[in-house]
Amino acid sequence: MLTSAAGISSELSSRFASARRVLVLTGAGVSAESGVPTFRGGGKSAVWKGMPFDVFSSSSMLESDLAAVWEWFNYRRAVLETLKPNPAHQAIAEWQHRCEEFCVVTQNVDGLHQAAGSLDVIELHGNVWRGRCLECGKRYDLRALGIKEGVPGCQQCSGPLRPDVVLFGEMLPAGAFEKAAAKAENCDLCFVVGTSALVYPAASLPEIASAAGAYMVEVNPERTPLSHLCDEVLTGPAGEILPLL
Ligand code: BV8
Ligand code: ZN
């Protein structure tokens, strides 16, 4: 396993040039340089109103206090409103034109990969800019809805809306994980960028890619439980490292 600081090995350069099927798995770290706070890492864990973020991002909180979950996600969208993709998102968006088959699978809900131009992004955990009716399932673009306080109502059936995001204890969107796992099983080269690799089932995707024989590259300032699986660990910020490729 090669560990290089910001340098790109000749091995990786030639593999990147010849790879036919490339998979990029991202977590909150890919958005860190856009100013989006990560959930973990650097010895800290995100907190909201004095409680760990995953208390508010949970199915039990949704059931017990939907308005509190809306308050938490309204805050998140307000933070994201002014933030832009960073060079890491831009590099990944540019790569898709260089490979025969290319797929971005993200745990992030911020929509920044799409904003940078990435196509067909698999969003394992949903998207903070979408709402969904708990009664009829109708989806809404929350940018268009202009949410204020409290729980927004469905324009179709007046049922309560929820953020269209996968909370802890909830299933992933139907088919999303299966589609991502199939990509992991078939890729030649797999980048794992900016994830602490603690949340499942997303964190099992690099394991699938590695078991299927992909060349594994991790990009993260810190080591993670995946680092030992990787052929190369590029230690540093994604916004500086990915454009080097
Ligand atoms: C499921 C959306 C099964 C919400 C998220 C007990 C009760 C309930 C569930 C569980 C439980 N125990 C285990 C579970 C399963 C649970 C889980 O895995 N928990 C873990 C924490 C133990 N998983 C689930 O609940 C999943 N569902 O299992 O359902 C099921 C089966 C049957 C029936 C019903 C259900 C659902 C998980 C999805 C949860 N939703 N997000 C929201 O955003 O608020 S997960 C949340 O964590 C975010 O989406 C985030 O993306 C994700 C993972 O975090 P990371 O992306 O890795 O980010 P993190 O901050 O952790 O790390 C950042 C990394 O970046 C660090 O390594 C840092 O070093 C690095 N970095 C920093 N700067 C940079 C950088 N890297 C590069 N460049 C930089 N500049
Ligand atoms: Zn409805």
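Mentor: Two strands pair if DSSP finds at least two bridges between them. Strands (E, at least two residues) and helices (H or I, at least four) are DSSP runs, numbered from the N terminus. This is a predicted model: local features need pLDDT of at least 70, side-chain atom pairs count only at pLDDT 80 or more, and totals for chains, interfaces and linings use all residues. Residues are numbered from 1 along each chain as its sequence is written, chains are lettered from A and ligands numbered from 1 in the order in which they are written, and side-chain values use heavy atoms, with hydrogens and water left out.

Trainee: In β11, which residue is the bridge partner of G131?

Mentor: Strand β9 spans residues 126-133 and runs antiparallel to β11, with four bridges between them. Strand β11 covers residues 161-165. There, G131 is bridged to P163.

Trainee: Is D164 buried or exposed?

Mentor: D164 belongs to strand β11, where five of five residues are buried. Its side chain also makes a polar contact of 2.5 Å with that of R132 (N or O atoms within 3.5 Å; within protein, one able to donate a hydrogen and the other to accept it, and sequence neighbours count only through side-chain atoms on both sides). The cut-offs are under 20% relative accessible area for buried, over 50% for exposed and partly exposed in between, using a 1.4 Å probe and protein chains only. D164 has 4% relative accessibility, so it counts as buried.

Trainee: The charged end of R143 sits over the ring of which residue?

Mentor: The rule takes NZ of Lys or CZ of Arg within 6 Å of the ring centre and within 35 degrees of the ring normal. K138 lies over the face of Y140, at 5.1 Å from the ring centre. For R143, the distance is 4.0 Å, and the ring is that of W129.

Trainee: How much of ligand 1 does the protein bury?

Mentor: Polar side-chain atoms of T195 and N220 each lie 2.7 Å from an oxygen atom of ligand 1. A polar backbone atom of G29 is 3.4 Å from a ligand nitrogen. Alone, ligand 1 exposes 1,500 Å² (Shrake-Rupley method, 1.4 Å probe), and the buried part is 74%.
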